[in-house]
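Hi,

Here is the structure I promised to pass on. Please open it first, then read my notes below.

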Amino acid sequence: MKGPEERPTLISVYMDGASEPLMHSTPPMPLKIDTRSLDDGEHVLRIEASDGQGIKGVKTIPFRVRNGPEISVRGLEPGAVVAGQVSLVLHAYSGANEESWKPELAEVPAPIPTWAWVVMIIIIAWAMYYLVAYWNP
């Protein structure tokens with residue numbers, strides 16, 4: 001039996017360290033977060049629950065929002081040390097929010113990797129050796 005000083009369990013939801021909750025209610029509490037109202041990047045959802053005796057439990061859930069276009073940068077890595085002029089290739093693309101999305105726009109042009117050149121040279125050298133060694137006109 002509940003005493004007069006006991007309160008029902010209450011859940012409060014906070015976003016990114018806010019002092020005012022997004023909402024609070026008694027459980028079970030459905031919650032929908034519209035990420036379109038949040039900036040792209042890291043966010044933290046903090047859920048606090050207090051039982052009828054005032055004992056509080058806290059759960060934090062970090063998450064990342066990416067509603068905007070994906071940005072790719074070729075030619076500069078995070079934490080790189082550079083000097084002189086730096087040539088970059090910048091590209092931004094999205095898909096879910098565009099009416100006529102073209103998949104080829106999501107491709108970032110990149111040079112042929114060195115390992116591919118090495119493999120191609122080995123294959124050509126082997127073919128030339130085979131041709132010279134076994135060719136009998």
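β3 and β4 form a hairpin with 5 residues between them. In the turn, G54 has a positive phi of about 90°. Strands here are DSSP runs (E, at least two residues) and helices are runs of H or I (at least four residues), numbered from the N terminus. β3 covers residues 41–50 and pairs with β4 in the antiparallel sense, over 10 bridges. Two strands count as paired if DSSP finds at least two bridges between them.

Before the rest, a word on the source. This is a predicted model: local features need pLDDT of at least 70, side-chain atom pairs count only at pLDDT 80 or more, and totals for chains, interfaces and linings use all residues. Residues are numbered from 1 along each chain as its sequence is written, and side-chain values use heavy atoms, with hydrogens and water left out.

The overall layout

The protein has 1 helix and 6 strands. From the N terminus, the order is β-β-β-β-β-β-α. Of its 137 residues, 12% count as buried. Buried means under 20% relative accessible area, exposed means over 50%, and partly exposed is in between (1.4 Å probe, protein chains only).

The sheet

4 strands make an open sheet, ordered β2-β1-β3-β4, with antiparallel pairing. The edges are β2 (23–25) and β4 (56–65); each has a single partner strand, so one side of each lacks a neighbour in the sheet. From one strand to the next, the twist averages 15°. Axes are lines fitted to C-alpha atoms (for helices, over the stretch in contact), and angles run from 0 to 180 degrees between N-to-C directions.

β1 (residues 10–15) pairs with β3 in the antiparallel sense over 6 bridges. There, V13 has I47 of β3 as its bridge partner. How many of the 10 residues of β4 are buried? The number is 1, so β4 lies largely in the open.

H43 and D16

H43 sits in strand β3. H43 is buried, at 9% relative accessible area. Its side chain makes a polar contact of 2.6 Å with the side chain of D16. A polar atom of the H43 side chain also lies 2.6 Å from the backbone oxygen of D39. A polar contact is a pair of N or O atoms within 3.5 Å; within protein, one must be able to donate a hydrogen and the other to accept it, and residues adjacent in sequence count only if both atoms are side-chain atoms.

D16 is in the loop between β1 and β2. D16 is partly exposed, with a relative accessible area of 39%. Check its backbone too: D16 has a positive phi of about 55°, although it is not a glycine.

Two loops

P28 is in the loop between β2 and β3. The peptide bond from P27 to P28 is cis, with omega near -5°.

N67 is in the loop between β4 and β5. N67 is partly exposed, at 26% relative accessible area. The N67 side chain reaches the backbone oxygen of T35 at 2.6 Å. N67 and L38 are 29 residues apart along the chain, and their C-alpha atoms are separated by 8.7 Å.

The largest pocket

Which residues line the largest pocket? They are D40, G41, R64, V65, R66, P69, E70 and I71. β4 and β5 (70–74) are the elements that give two or more residues to this lining. By type, the lining has 3 nonpolar, 1 polar and 4 charged residues. Ala, Val, Leu, Ile, Met, Phe, Trp, Tyr, Cys and Pro count as nonpolar, Asp, Glu, Lys and Arg as charged, and the others, Gly among them, as polar.

The volume of the largest pocket is about 180 Å³. On a 1 Å grid over the protein atoms alone, a pocket is an open set of points with protein on both sides within 12 Å along at least five of seven lines; lining residues have an atom within 4 Å of a point. A volume is the space filled by probe spheres set on the points, which are joined across faces, edges and corners.

Best wishes

Methods
1 Å grid on protein atoms, 1.4 Å probe; cavity = no way out; pocket = protein on both sides within 12 Å on 5 of 7 lines; lining within 4 Å.
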